[in-house]
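Here are my notes on the charged pairs. Please read them with the model open.

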Amino acid sequence: MARTISIAALTLLLAWIVGGQALLGRIDPALALPILALAMLLLAVWQRGEETASRRLNAFALLGLLLAAQALLGVALAGSAGWRQLALVGVSGAAAAWVADRLVQRRWRVRWLPWFAGLVLVTLWFAAGHMLLASLYRPALAAAGTPAATMLTGLPLRWSGSGDIAAIISSGAEDDPALVRLEALGPVALVDSLTEQVPPLGGTLLIAHPRALAPRELVAIDAFVRGGGKAVLLADALSGWPARHPLGDPRNPPVTSLLTPLLDHWGVLLGSAPTDDNAVSAIAVDGAWLRLSSAGAFERLPPRCRSFADRRVARCPIGAGEAWLVGDADLLFAPLWSPLVPGAHHLRRADTIEWLAARLWPGAGVAPLQPLWIRARAN
């Protein structure tokens with residue numbers, strides 16, 4: 001039993017370090033899945049001369065200890081055991097135990113073959129485990145025929161690699177990762193003005209730290225929301241988005257929010273940004289995990305608004321519609337939310353894109369498995 005406990009503890013440690021739990025600030029039991037073959041193979045080698053019943057008992061004991069420990073850590077650190085993830089680890093662990101036991105108990109004619117087979121098993125299991133998790137954490141796409149989300153922004157999301165037209169033509173478009181990810185989940189109509197291009201019926205509006213808007217554009221936004229539309233507004237009191245052009249160049253994003261007239265009309269007041277310009281904070285909003293940079297708080301909100309994370313995010317009914325207000329445009333900045341490995345949805349740093357997708361398109365952004373973020377990391 002001492003060996004079983006030791007291997008269970010080693011597996012938990014590897015999941016914490018190698019699995020990415022510590023680095024990502026998460027306690028997902030599923031992040032232990034790619035390491036299960038190594039744990040079960042080590043146990044199978046240690047109990048090679050024991051009876052079949054004893055080997056099976058130890059394998060199930062190891063798996064039970066691992067699941068119990070992960071469940072307790074999940075409840076203590078994230079407020080959830082992650083039952084779907086535990087079930088996945090349980091089934092996968094049983095399969096890994098059976099394969100490892102068959103490999104070790106088999107009689108090999110060549111002495112080095114079992115070592116080679118064990119290395120292959122651990123390597124393939126590790127790769128396959130990450131591929132499986134990437135698919136299980138992949139957010140759902142918007143349904144076919146869903147109206148496009150109309151996006152108006154002053155951030156350099158399109159052709160962000162260069163401001164030179166000749167360079168764009170020669171090298172092709174280099175869209176920002178935030179725009180690429182959003183367009184991969186649902187239709188996006190990136191517009192320069194709302195004077196004539198208003199969201200279609202049933203569509204949504206994403207206003208991400210735009211440049212100065214004409215009065216009739218502000219009126220169009222207000223009318224759209226009050227008429228039953230849904231909008232997400234990113235209003236930054238002090239944007240930290242990197243400037244790609246010299247100071248004062250109008251192609252750079254606005255330094256501060258220019259949506260004050262609209263917010264005033266809605267009874268909203270955005271406060272100043274924190275004095276620490278590099279302050280990155282993690283917040284929980286409706287179960288999602290967002291990372292902000294120097295986010296401002298809404299000092300005044302209408303009574304019907306619901307606020308989150310010390311009023312840095314708010315959900316406000318406006319007429320027949322609703323608006324989500326975020327006091328930070330850096331929310332979209334890729335280093336704050338992108339996964340450690342491109343395409344590895346299970347290794348993401350935040351739920352930013354998934355959270356936005358769920359508000360822009362009905363049914364989008366949801367995945368079979370959700371990260372279990374450690375609550376103590378939130379500010």
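Which residue's side chain meets that of E354 in a salt bridge?

1. The partner is R348, at 3.7 Å from N to O. Keep in mind that this is a predicted model. E354 and R348 are both buried.

2. Salt bridges with shared partners join R181, R348, D351 and E354. I would show these four residues together in a figure.

3. D101 and R102 form another salt bridge, with N and O 3.0 Å apart. The burial of the two partners deserves a comment. D101 has a relative accessible area of 14%, and the cut-off for buried is under 20%, so D101 counts as buried. R102 is partly exposed, at 41% relative accessibility.

4. D286 pairs with R306 in a salt bridge. The closest N and O atoms lie 3.5 Å apart.

5. What is the accessibility class of D286? D286 is partly exposed, at 38% relative accessibility. R306 is partly exposed too, with a relative accessible area of 48%.

6. A word on the total. The structure holds eleven salt bridges. Those discussed here include D101 with R102, D286 with R306 and E354 with R348.

Terms used
Residues are numbered from 1 along each chain as its sequence is written. This is a predicted model: local features need pLDDT of at least 70, side-chain atom pairs count only at pLDDT 80 or more; totals for chains, interfaces and linings use all residues. Side-chain values use heavy atoms; hydrogens and water are left out. Buried means under 20% relative accessible area, exposed over 50%, partly exposed in between (1.4 Å probe, protein chains only).
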